Amino acid sequence: MADRTSSSITIDAARPAVMAVIADFPSYPRWAGQVKEAEVLSTGPDGRPAEVRFVLDAGVINDEYTLAYTWNGEESVGWRIAKEGRMISGLTGRYVLAERGSGTEVTYELAADLKVPMIGMIKRKAEKVIVDTALKGLKKRVEAS
């Protein structure tokens, strides 16, 4: 992923526990700040979500779109846009999970392309808010379980 926003956080839990929360899309509105709705449209052969529809309210970016997911066991999950929204024309990202002592380091990478012109600096700031809010919410959700 070129020209992306990336950040990491360490969560006091094993990778399977972290990945279980990441895969629980219907719960995203409770912990992933800007996600107002998440609906699993299809699942893959492994039983994990393959396509998910989202309603997002991230300040300057308000949209509805569908993402397609590729799972790599408990190590990573990547996504790409499957159905564009009104504002979002491209969205790729991934969570990478690495064991760190008794916990898990989670790295979130995100790159968004918008249909509306937006200064790169403002777009990156919006991506950074999405990434940081998601990581903090994920940590809180996993560690509360």
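This is a predicted model: local features need pLDDT of at least 70, side-chain atom pairs count only at pLDDT 80 or more; totals for chains, interfaces and linings use all residues.

Me: How many bridges join S4 to strand S5?

Reply: Helices (H or I, at least four residues) and strands (E, at least two) are DSSP runs, numbered from the N terminus, and two strands pair if DSSP finds at least two bridges between them. S4 and S5 (residues 76-83) run antiparallel, and Ala68 stands opposite Arg80 in S5. Their hairpin has three residues between the strands, and Gly73 there takes a positive phi near 55 degrees. The number of bridges joining S4 to S5 is seven.

Me: Which residue in S6 is the bridge partner of Val77?

Reply: S5 and S6 are also antiparallel, joined by five bridges, and they form a hairpin with four residues between them. In S6, the partner of Val77 is Tyr95.

Me: Is Thr66 buried or exposed?

Reply: Thr66 is found in strand S4, and the residues it touches, leaving out those up to four places away in sequence, include Leu41, Glu51, Arg80 and Lys83, where contact means heavy atoms within 4.5 Å. The terms rest on relative accessible area (buried under 20%, exposed over 50%, partly exposed in between, with a 1.4 Å probe and protein chains only). Because its relative accessible area is 7%, Thr66 is buried.

Me: Why does Arg48 count as buried?

Reply: Arg48 is found in the loop between strand S2 (35-43) and S3, two strands that pair in the antiparallel sense over seven bridges. Leaving aside neighbours within four places in sequence, Arg48 is in contact with Met19, Thr43, Trp71, Gly73 and Glu74, and Thr43 itself stands opposite Pro49 in S3. Arg48 counts as buried because its relative accessible area is 17%.

Me: What is the volume of the largest cavity?

Reply: On a 1 Å grid over the protein atoms alone, a cavity is a set of points where a 1.4 Å probe fits but cannot get out, and lining residues have an atom within 4 Å of a point. Grid points are joined across faces, edges and corners, and a volume is the space filled by probe spheres set on the points. By this rule there is one cavity of 30 Å³ or more, and the largest cavity has a volume of about 290 Å³.

Me: How many residues in the lining of the largest cavity are nonpolar?

Reply: The lining has 21 residues, and Val35, Leu56, Tyr65, Tyr108 and Ile130 lie nearest the centre of the cavity. Ala, Val, Leu, Ile, Met, Phe, Trp, Tyr, Cys and Pro count as nonpolar, Asp, Glu, Lys and Arg as charged, and the others, Gly among them, as polar. By class, one lining residue is polar, one is charged, and the number that are nonpolar is 19.

Conventions
Residues are numbered from 1 along each chain as its sequence is written. Side-chain values use heavy atoms; hydrogens and water are left out. On a 1 Å grid over the protein atoms alone, a cavity is a set of points where a 1.4 Å probe fits but cannot get out, and a pocket is an open set with protein on both sides within 12 Å along at least five of seven lines; lining residues have an atom within 4 Å of a point.
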